[in-house]
Amino acid sequence: MLERPDAVLAAIPLLALSGLALRTVIAATGIGTGLLAAPLAPAGYLAALVFVFRELLTGPIAERADEESA
């Protein structure tokens, strides 16, 4: 059975590669659209980073730390 930690660990590389995959798909459709897709490559890495920080700040780890400090 897939549990939350497994899903989180699987989502991080998928998010990181999503920007590159989207950029490749857009660039493959035409020459002029390659310029529009340029900022999408770092967007996947940024989305993965935001996801990691969100999990650290609001996920189960943060809830456990909050319960222990109270």
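The secondary structure of the chain consists of four helices and zero strands. Helices (H or I, at least four residues) and strands (E, at least two) are DSSP runs, numbered from the N terminus. From that end, the elements run α-α-α-α. The model is predicted, and local features need pLDDT of at least 70, side-chain atom pairs count only at pLDDT 80 or more, and totals for chains, interfaces and linings use all residues. Residues are numbered from 1 along each chain as its sequence is written, and side-chain values use heavy atoms, with hydrogens and water left out.

Buried residues make up 14% of the 70 residues in the chain. Buried means under 20% relative accessible area, exposed means over 50%, and partly exposed lies in between (1.4 Å probe, protein chains only). Accessible areas come from the Shrake-Rupley method with a 1.4 Å probe; for residues, only the protein chains shown count as cover.

Two salt bridges were found in a search of the whole structure. A salt bridge is a side-chain nitrogen of Lys or Arg within 4 Å of a carboxyl oxygen of Asp or Glu. Shared partners join R4, R54 and E55 into one network. E55 is buried because its relative accessible area is 10%. R4 has 44% relative accessibility, so R4 counts as partly exposed. R54 is also partly exposed, because its relative accessibility is 43%.

The largest pocket holds about 240 Å³ of space. On a 1 Å grid over the protein atoms alone, a pocket is an open set of points with protein on both sides within 12 Å along at least five of seven lines; lining residues have an atom within 4 Å of a point. Grid points are joined across faces, edges and corners, and a volume is the space filled by probe spheres set on the points. The pocket is lined by R4, P5, V8, L9, I12, V52, E55, L56, G59, P60, I61 and R64. Helices α1 (4–29), α3 and α4 (60–69) each supply at least two residues of this lining. The largest share, five residues, comes from α1. By type, the lining divides into eight nonpolar, one polar and three charged residues. Here Ala, Val, Leu, Ile, Met, Phe, Trp, Tyr, Cys and Pro count as nonpolar, Asp, Glu, Lys and Arg as charged, and the others, Gly among them, as polar.

A nonpolar surface patch of about 710 Å² is made by L46, L49, V50, F53, L56, L57 and I61. Patches are made of residues with over 30% relative accessible area and no salt bridge; like charges are joined within 9 Å, and nonpolar side chains (Val, Leu, Ile, Met, Phe, Trp, Tyr) within 5 Å. Helix α3 (residues 40–58) gives the most to the patch, with six residues. F53 is found in helix α3. Its relative accessibility is 44%, so F53 counts as partly exposed.

Two further pairs were examined by C-alpha distance. R23 lies in helix α1. R23 is partly exposed, because its relative accessibility is 35%. P42 is placed in helix α3. P42 counts as partly exposed because its relative accessible area is 48%. P42 and S18 are 24 residues apart along the chain, and their C-alpha atoms are separated by 9.7 Å.

Notes:
1 Å grid on protein atoms, 1.4 Å probe; cavity = no way out; pocket = protein on both sides within 12 Å on 5 of 7 lines; lining within 4 Å.
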